[in-house]
Amino acid sequence: MSGKKTEAHPTKPPRPWAVTLSGLLILAQGVSLFVLSAIGFATLLGLRYWPRLPLPPALARDVSRFQLTLDLNTFVPAVLFGATLGLMLALCLLLNGPRILQRKPQAWIEAMLFQGLGLMLMLSLYLSGRRDGWIFLWMFSSLLIVLQLNRAEVTETFKWRLARRQARAHTPSEAAPNLAEAEPESLR
């Protein structure tokens with residue numbers, strides 16, 4: 001046996017179930033928004049290659065009966081804008097979910113920011129006249145995630161990790177020289 005002492009690495013406390021649930025909900029929300037954005041882009045691609053695609057007879061009767069029209073000059077930019085924003089937010093959520101599960105110090109703040117951005121996007125769609133069911137489902141899921149992120153177990157986990165990280169940043173490293181002692185006598 002050697003005379004060296006082995007330093008035991010401090011073990012991580014187990015991840016609370018509320019943090020695990022938060023991370024999984026964020027990942028599920030990211031996947032669903034990614035799918036919705038992909039559907040938006042597929043719709044635009046379909047309109048580009050098949051602009052005069054005939055409607056099925058039942059749908060054509062409904063369109064003529066309710067005098068529905070589809071103005072492509074307003075539909076295409078709106079779907080392109082929504083799908084692009086949705087894709088960017090989906091990628092941010094998909095990157096943030098694992099960070100929540102890993103309990104990275106800034107992940108909680110980022111998750112709250114992304115939920116706020118998602119709610120702002122959905123509210124703007126609602127106020128612009130879109131009343132699709134998925135918008136209400138998205139708002140409800142964002143509300144649930146915000147409530148889940150504000151549970152005591154989740155906030156304490158991230159506050160503790162952030163405080164530990166800040167404390168490590170403010171303590172002088174043993175390898176770094178003490179600058180006050182290295183200062184010349186004339187400057188003291």
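Colleague: Why is Glu110 called partly exposed?

Modeller: This is a predicted model, in which local features need pLDDT of at least 70 and side-chain atom pairs count only at pLDDT 80 or more, while totals for chains, interfaces and linings use all residues. Residues are numbered from 1 along each chain as its sequence is written, and side-chain values use heavy atoms, with hydrogens and water left out. Buried means under 20% relative accessible area, exposed means over 50%, and partly exposed lies in between (1.4 Å probe, protein chains only); Glu110 has a relative accessible area of 27%, so Glu110 is partly exposed.

Colleague: What makes the contact of Glu110 and Arg99 a salt bridge?

Modeller: A salt bridge is a side-chain nitrogen of Lys or Arg within 4 Å of a carboxyl oxygen of Asp or Glu, and the side chains of Glu110 and Arg99 meet at 3.2 Å, N to O. The pair links distant parts of the chain, with Glu110 in helix H4 (residues 107-127) and Arg99 in helix H3 (residues 72-102), 11 residues apart. Helices are DSSP runs (H or I, at least four residues), numbered from the N terminus.

Colleague: How many salt bridges does this rule give?

Modeller: The count comes to 2 salt bridges, and one of them joins the side chains of Arg151 and Glu153, again at 3.2 Å, N to O.

Colleague: Why is Glu153 called partly exposed?

Modeller: The relative accessibility of Glu153 is 33%, so Glu153 counts as partly exposed, and Arg151, with a relative accessible area of 30%, is partly exposed as well.

How values were computed: Helices (H or I, at least four residues) and strands (E, at least two) are DSSP runs, numbered from the N terminus.
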